[in-house]
Amino acid sequence: MKREKLVVIGNGMAGMKCVEEILKLEPHRFHITVFGREPHPNYNRILLSKVLQGDSTIDSIVINDWSWYEEREIKLYTGETVVHLDIQARQVTTLSGIRANYDFLIIATGSSAFIPPIAGIHKPGVIAFRSMEDCATMIDYSKKYKKAAVIGGGLLGLEAARGLLNLGMQTEVIHNASYLMNRQLDAMAADMLRRELEQQGMRFWLSKETESITGLNRAKGIRFSNGTTLEADLIVISVGIRPNITLAKESGLTTNRAIVVDDFMRTSDPHIYAVGECAEHRGVAYGLVAPLYEQGKVLAGSLCGTQAAGYEGSVPYAQLKVSGVEVFSVGSIQQGEADTALQVYDGIQGTYKKITMKDGKVSGAILFGSTAEGTTLLGLVKRGAPIAELAAKPKEDQSDEDSIAVSMSGHETVCACNAVTKSSIICAVMEDGLQTAEQVRDRTKASSSCGGCRPMVEAIVRYALRYDKESLAPEVAAICSCTAYSHDMVKSAMKSGVFMNIQEVMATLGWLNPSGCPTCSDALAYYWTLYYPQLTKEASAQDRNRDSRNLILHVPSPAISGFNTTLLAKHLHQACQYLTLPSPVKGAISSGIHSPAGVLVHDIGIAGSPAGWEIYAGGHAEHPVKQGQLIGIAESDSLAKELAIAILQLYREQAEYGERVWKWLERTSIDEIRELVLHVEHRMDLMSRAEAAATYLTSERLGEHICSQ
Amino acid sequence: MQPIRKSSAVKDALVVLDTQCPFCSVQCKMRVVKEPDATGANRFTYSIEGLPNAASEGRLCVKGRNAHQHAVSRDRILQPLMKKNGQHVPVTWEEALNTIASSFQTITQAHGADALGVYGGGSLTNETAYLLGKFSRVALGTRYVDYNGRFCMSAAASAGNKTFGVDRGLTCRLSDIPLARCIILAGTNIAECQPTLMPYFTKAKENGAIIIVIDPRITATADMADIHLQVKPGTDAALANGLLKVLFEENLLDHSFIANRTSGYEQLKAHMASVLLEEVAELTGLKEAIIRKAALAYGLAETGIIFTARGVEQQTDGHVAVRNFLNMVLATGKIGKVGCGYGAITGQGNGQGGREHGQKSDQLPGYRSIEKEEDRRYVAGVWGIEPDELPRKGVSAYEMMEFVHRQEIRSLFVMGSNPVVSNPNANLVEEALESLELLVVADMFMSETARMAHIILPITAYLENTGTLTNLEGRVLLRESTAAAPGESLHDWAILCQLAEKLGKQHYFKYDSAQDIFDELRLASRGGLADYYGITYERLRREGSVYWPCPSTDEDGNQGMMFEHKFAHPDGKAIFFPVNSKLPQEIPDERYPLIMTNGRVLAHYLTGVQTHKSPSLAARSLENYVEMHSATARKHRIEDGEWVEVTSRRGSFSVRSRITDKIREDTVFVPMHWGGLQNVNKATSPELDPDCKMPGFKTSAVHIAPLRLKSYKSE
Ligand SMILES: Cc1cc2nc3c(=O)[nH]c(=O)nc-3n(C[C@H](O)[C@H](O)[C@H](O)COP(=O)(O)OP(=O)(O)OC[C@H]3O[C@@H](n4cnc5c(N)ncnc54)[C@H](O)[C@@H]3O)c2cc1C
Ligand code: SF4
C-alpha cells in the first residue's frame with residue numbers, strides 16, 4: 001500500500017508527541033513531513049525555566065534530536081514558517097516557498113506570548129519567555145545589565161523571575177492582581193509563596209497596572225498607572241498566551257479562541273486535525289503539557305483508526321518549577337466556584353493545603369510547601385471523588401518493617417550512622433518529591449553508611465508515598481472560633497511582625513471576633529509576653545491566669561549527700577520566678593535516690609546521681625502518667641541551673657499556650673532538645689533570652705514558691 | 001530539614017575545609033563547609049559532606065558528621081596553663097616551656113634520664129608519633145616512651161609479627177571483602193565502631209558469603225551474621241582450637257600451602273590431637289554443632305577472611321588467641337590471594353601508623369626493633385647520633401603507670417591521650433599520676449588527665465593540623481589542614497621542636513612543616529618492614545592514598561595485597577603456633593558471679609574527651625550504662641534504668657542499667673567512653689598479656705547491685 005502523506009505544522013511538544021504516538025501505533029503508515037518555525041529540533045519547552053535557572057543546559061532539553069527524525073524517515077524542515085494553507089488543494093506553503101501536499105494535516109502551532117498593547121512595548125529590551133531564543137536573550141542581557149522586571153506574576157513570570165535572579169539580576173515582579181498566581185492559588189497560599197520568594201530575593205509590586213515602557217532607544221523602565229516608575233533594563237512580558245491560529249483562520253477553518261476541534265481532534269475539515277495549545281476542545285484551549293499529551297494520543301489513535309473513545313477534556317493542574325518552592329494547584333479553587341472542604345496549615349513545616357469541594361465531590365486543591373500529594377489529589381479531582389475518600393486509608397498488607405514504619409514516632413532515629421529520623425525521610429519523600437530509597441539515601445544520607453537500616457528506610461519511603469499527609473502530621477486546629485489561625489500561625493505572625501499591642505495583632509490577622517474570647521485572649525497575652533516582653537504592662541493585665549502558670553518547685557529536705565538542693569532551688573527560683581510559662585510547671589529537686597521527690601513525674605525534675613545532677617523533663621503524675629526523660633547531666637550546680645533554665649526557655653518558646661511540658665516533649669525530638677541545650681552557644685542564647693524576659697517581667701506579685709517539706 | 005537560604009553576599013564568606021574524620025581507623029575523607037550563621041553574630045553553621053576515597057567511598061557515620069563540633073567548641077584550651085596554688089592559670093609559652101625544660105633537667109640530674117616518661121596516642125599523626133619517639137630518645141634520652149595503642153592493637157600487632165613476620169592491619173585490601181566467600185568477625189562490632197565499612201560486608205553477603213560473628217552480645221554486626229557464636233568472654237583461643245579441630249578432622253587443609261609456605265605444622269598437628277571438641281564447647285559455652293558448622297563454612301569456602309578486634313585481643317591471652325586464628329588462616333591457605341587474608345581492625349584514627357614509627361617502647365621507625373643492632377645503627381645514622389646514645393627498650397603503657405606509682409618515673413609528658421581514664425585499674429593510675437613531680441599534658445581539652453597536670457599545653461585539632469595517617473588497611477592518607485590554630489594553641493610537633501630547643505637539642509629538630517618531618521620519616525623507615533620511603537606528600541595528593549610497604553617513589557600498580565609469594569620472616573615462611581585452650585583470666589565465683597566486658601558505642605570515641613564536647617554526639621549517648629540480660633537483672637533485683645553499682649576485685653563504679661536479651665546471661669557489658677565515677681576501668685583488671693602487655697580489659701569478674709539498696713555515702 002502506498003504510504004499516506006502526513007504533514008505536521010509546528011515542531012513543538014504537542015505535535016511531536018502526537019507523531020511519536022502515531023509511530024508507536026503504525027510506524028510505516030505515513031510519510032511524515034514536519035515544518036517548524038524554530039531553528040531547533042523539538043525540545044522540552046517546560047525546561048526552559050530550568051535552563052534559565054541554570055539547572056539544565058540547552059542541549060539537555062532536546063526531546064527529539066536530529067537523528068530521531070532521520071531514523072524514522074521524517075522529513076523535517078526547521079526554521080520554516082508555514083504561511084499558507086490551501087484546504088482544497090491540500091497543500092501548505094512556507095515563507096521560503098516550500099510546498100507540500102498532504103492527505104492528512106496536523107496543525108500544532110502552539111501559541112505565542114500575549115503582548116499587551118502598552119506604549120513602548122516593542123522597544124529593545126522587552127521580550128517574552130517562550131523559546132530558546134528568549135532564554136538566550138535573557139542570559140545575554142544579564143551579562144550587560146543588572147536590573148530586570150517581569151510583568152506578570154503567574155507561573156511563567158515567577159519562573160522567569162527566578163531564572164533572572166539566578167543570572168545575578170535584581171528582579172522585580174509586577175502583577176496586576178492583589179496576589180500572585182491568582183488563577184491557581186488563594187490569598188493564603190499566594191502569600192506564603194510571596195514570602196518564600198521574597199526570601200529568595202525577588203521583589204514584588206502587586207496590584208500594579210503597567211502604563212508604559214520608558215526609555216529612548218531601549219527599555220529603561222516601567223511607568224505604572226498611578227504615575228510611579230521603576231527602572232529596568234530587561235523587561236519580560238508574561239501576561240498570558242495567545243494561540244497561533246492566523247493560518248487556520250485565513251484558510252477558512254472554524255476557529256474561536258483557538259482552532260475548534262471535536263473529541264477526536266478533527267477540525268472543520270475532515271483532512272485536518274489540530275492539537276496542542278492552538279486547539280480548542282469543548283470550549284477550552286489548554287496551556288499545559290499534560291492535557292496536550294492526552295490530546296496527542298487521542299489524535300494518533302484517530303488517525304490510525306484505533307481510537308474508540310474520544311477525548312473528553314482534561315483537568316489541568318499547575319506546579320511551579322522554582323527550586324526550593326513547591327506549589328501545586330488543580331481544579332476549581334476560586335471562592336464562589338467551590339467550597340472549602342479542608343484547610344491545613346503547618347507553621348513548622350511551612351506547608352499549606354486546601355481542598356475544595358462541590359456537591360460533595362472533591363473539586364480542586366492547592367498545596368504549598370509539599371506537593372507530594374499532588375498526584376493523589378489530581379486523581380481525586382479527575383474522578384470527582386466523593387469527599388469521604390479524603391479520609392480513606394490504604395489497605396493492609398505489610399511486612400514487619402512496614403508496620404514498624406507506621407507505628408514508629410517521627411523523631412525516632414532510623415539511620416543511626418547518619419542520625420536520620422523517620423520524619424526527615426518522610427520530608428524527603430513528601431517535600432522534595434523523592435520516590436525511591438536510593439534518592440532518599442542520596443539526599444538524607446539515611447542508609448548510606450553501614451546500610452543496616454536499608455529495609456526500614458525502604459518501608460518508610462513506601463509508607464510516605466502511600467499515606468496522605470494528614471495521617472502523618474496532625475491537622476493544625478485554629479486556636480478558637482474567633483480565628484482561623486492556629487497557635488503556630490499566630491506565633492510566627494507575632495514573631496515576624498511588629499505590633500504595638502494585642503488588638504493590633506487581632507486586627508491584622510483578621511480576628512472574626514474583634515475582642516476575642518477568653519481562650520484566645522489568654523493565649524495572645526502569653527505570646528505577647530514571649531515576643532514583646534518590653535511591652536508587657538498591658539498584656540499582663542489581660543493575662544488573667546498568669547499566677548497559676550509559674551514554676552513551682554518541690555524540694556524535700558535534703559538527704560545527706562554532696563548535692564545542695566536548697567541552693568539550686570533558690571537559684572532557679574530567682575532566675576525563673578517572673579517568667580511567664582505556657583502552662584503551670586511543677587519541678588522537683590532531689591539530692592538522690594535516697595531522697596525521693598518524684599523527680600520522674602514532675603514537669604522538670606532534677607536529681608543528684610553518681611554522675612552528677614541529672615535533669616529530666618516531661619514527667620506527669622496524673623493521667624496520662626508520663627515518665628520524665630533525661631535531658632542532660634551536669635557536673636556542677638551552675639551547669640545544672642543553666643540546663644534547667646535553657647529547657648524552660650525552650651519550652652516557653654516552642655510550646656503552645658496551655659501545652660504541658662510532657663506534650664511538648666512528645667511532639668519534639670528529645671535528641672534535638674538535648675542538642676540545643678547541650679550546645680554551649682545555643683544554651684547561652686536561651687539563657688540570655690530567659691534573662692531578658694525575666695528582667696522585663698519583673699512584677700509585684702509572686703511570693704516564695706519553694707514549699708519545703 | 002531544609003537548609004536556610006542565604007544571600008549571595010554571605011555565601012562569599014564560605015570556608016571549605018577538606019579533611020579526614022579523626023574518630024576511627026577508616027579515616028573517612030570529608031568536606032567541612034563553614035558559613036556565617038544567619039544571625040550574623042560571628043557564629044557559624046557547618047555542613048559536612050563525605051568525600052569519595054578508596055576506603056570510605058564517600059560515606060560518613062554520625063561521628064564524622066559531627067566531628068567538627070568539638071574542634072570549634074568553646075571549651076578548647078587556648079593558652080598554656082600552669083597549676084599555681086592548686087589552680088590552673090594561663091601562662092606564656094615561654095614560661096611553660098622553660099619550666100618544663102628545667103624540671104626535666106633537674107630530674108635527669110638527680111635520677112637519670114629514665115626518670116622521664118613520655119606517653120603518646122594512637123590518634124596522633126604519623127609525623128607526630130615519629131617525632132615523639134625521636135624526642136624521647138634524642139631530646140630526653142629516656143627509654144620510657146609508650147602509647148595508648150597498647151590497649152588497642154598490641155595483641156594483634158605482636159601476633160602478626162610473630163606469625164607473618166610483619167604486622168599490617170589488613171593483609172589484603174578492603175576491596176577483597178566482597179570477594180570472600182566466608183568471613184569470620186571475631187570480637188569486632190563493625191556496625192558501631194567502623195560503620196562506613198559495613199557495605200563491604202553486606203556486599204559480600206549479597207555475593208553469597210557466609211558471615212560468622214563471634215561475640216558474647218547480639219550486636220548490630222551479629223544481626224547480620226549467618227552464624228553467631230555467642231561465646232563466653234575470654235574463650236576465643238579455645239574457640240579457635242575447636243574450629244581448627246574440625247578443619248583437621250575433616251581434612252579441610254591446604255597441604256601444599258602448608259608444605260611450601262609455613263613452618264611448625266607438625267607441632268600444631270600434634271597439639272590438635274589433644275584438643276577435644278566437647279571441652280571447647282564446655283569452655284566457650286557453645287554447642288559442638290554450631291562450632292562444627294562454622295568451621296565447615298570457613299573450611300569449605302574457596303576464599304575467606306578472618307577479622308579480629310578488641311574482643312579477642314583485649315584479653316590476657318590476646319596474643320595467642322589471635323595467633324590461633326592465624327593458624328586457621330595458614331592451615332587453610334587463605335592468605336595472599338584475592339578474597340583471602342586476615343585483618344585486625346584498628347580502633348583509633350591512626351592506630352596503625354601510630355605503632356609503626358617509634359612511640360612504642362621497643363620500636364624504632366619503620367617497624368624497626370630498638371634491640372637489633374643494625375636497626376639501631378641505621379636509625380642513629382638518620383638522626384645523626386651515635387648508636388650507643390640510643391636508649392634501649394622501655395616498658396609498655398600500663399607498666400609505665402606502675403613505674404610512676406613506684407616513683408621510678410618522676411615526670412610524665414602526655415600527648416594525645418587520657419591515661420587516667422583509659423588505663424585499666426584506674427584507681428592505681430590516678431594515685432600514680434598524683435605522685436608525679438611533673439605531669440605535662442598536651443591536649444585540646446581539660447581531660448581528666450589534664451585536670452591533674454602541672455602544665456597543660458594547648459594543641460591544635462584535626463581541622464588545623466596537617467599530617468599523614470594510616471588507616472586500618474595500611475593505606476597512608478594525607479590530611480591537609482588549613483584552618484587557623486585558635487588562640488595560642490600550637491601543633492603538637494611544633495611543641496616538641498620548641499621543647500627540644502629549650503633542652504639544647506634544636507639541631508636534631510629542625511622542621512618547618514609536617515612535610516619536613518615526613519620526609520625524614522621516609523628516610524628513617526626506608527628498608528624497614530613498614531617502609532614509607534616511596535610515599536611523598538606529592539604522591540598522596542595525586543593518588544589519594546598509598547599502601548605501605550612502599551619502597552619506591554614510582555607508582556606501582558599492584559598495591560595492597562601482602563604475602564602473595566612470601567612472608568616477612570627471613571625464610572619467607574609463616575609460623576604455626578599451638579595454643580592451649582584456657583579458662584578466661586578471671587573466673588566468676590560466688591562473690592563476683594558475672595563476667596564484665598567493655599566496648600564502644602556508635603556516638604563516642606575513646607574516653608569521650610572529644611565526643612562529649614560535641615552536643616550532637618552527646619545528645620545521642622548521654623551517660624554510661626551497664627547492659628545485662630533480663631534474667632540476670634531479675635536475679636539481682638535490678639530494674640531497667642536504675643543505678644547499679646558494678647564491683648570487681650579492683651574497684652567499683654556506678655552506672656544505669658540497660659536490660660536487653662541481646663547478651664549472654666553470664667555477661668554484662670559496659671561502654672568505655674566515660675571517666676569519673678562512671679569509668680568502667682575502675683573495675684577492669686590490670687593483668688597483662690605476657691606476650692604483648694595488652695591489659696585484659698575484656699574479662700573481669702564482677703558483682704552488681706542496685707544502688708538504692710546501698711546506704712548513700714556522703715562525700
Ligand atoms: C518557560 C515555559 C515553562 C513552561 N512550564 C510548563 C510546565 O511546567 N508545565 C506545563 O504543563 N506546561 C508548561 N509550559 C507550557 C508548555 O510548554 C506548552 O503548553 C507546550 O509546549 C505547548 O505545546 P504545543 O506543541 O502546543 O506548542 P509549542 O511547544 O509552543 O510548539 C509549537 C511549535 O510550532 C511552531 N510554529 C508556530 N506556528 C508555526 C507555523 N506557522 N509554521 C511552523 N511552525 C510554527 C512554534 O514555533 C513552536 O515551535 C511552559 C511554557 C514555557 C514557555
Ligand atoms: S568515625 Fe570512622 S566510620 Fe565514622 S566517619 Fe569517622 S572515620 Fe568514618
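**Strands of chain B**

I began with S2(B) and strand S3 (residues 44-50) of chain B, which pair antiparallel over seven bridges; strands are DSSP runs of E with at least two residues, numbered from the N terminus, and two of them pair if DSSP finds at least two bridges between them. For the record, this is a predicted model, where local features need pLDDT of at least 70, side-chain atom pairs count only at pLDDT 80 or more, and totals for chains, interfaces and linings use all residues. Residues are numbered from 1 along each chain as its sequence is written, chains are lettered from A and ligands numbered from 1 in the order written, and side-chain values use heavy atoms, without hydrogens and water.

I looked up one contact in this pair: B:Val32 has B:Ile48 in S3(B) as its bridge partner.

Next I checked strand S1 (residues 15-20) of chain B, which runs antiparallel to S2(B) and is joined to it by six bridges. Here B:Thr19 is partnered with B:Met30 of S2(B).

Why is strand S2 (residues 29-36) of chain B largely enclosed by the rest of the structure? I found six of its eight residues buried (under 20% relative accessible area, 1.4 Å probe, protein chains only).

**Ligand 2**

I then listed the residues around ligand 2 (a heavy atom within 4 Å); among them are B:Cys21, B:Cys24, B:Cys28 and B:Cys61. The shell has seven nonpolar residues, three polar and one charged.

**Chain A**

Last, I noted an open sheet of three antiparallel strands in chain A, ordered S4-S5-S6. Its edge strands are S4 (82-86) and S6 (99-101) of chain A.

Terms used
Buried means under 20% relative accessible area, exposed over 50%, partly exposed in between (1.4 Å probe, protein chains only). Helices (H or I, at least four residues) and strands (E, at least two) are DSSP runs, numbered from the N terminus. Ala, Val, Leu, Ile, Met, Phe, Trp, Tyr, Cys and Pro count as nonpolar, Asp, Glu, Lys and Arg as charged, and the others, Gly among them, as polar.
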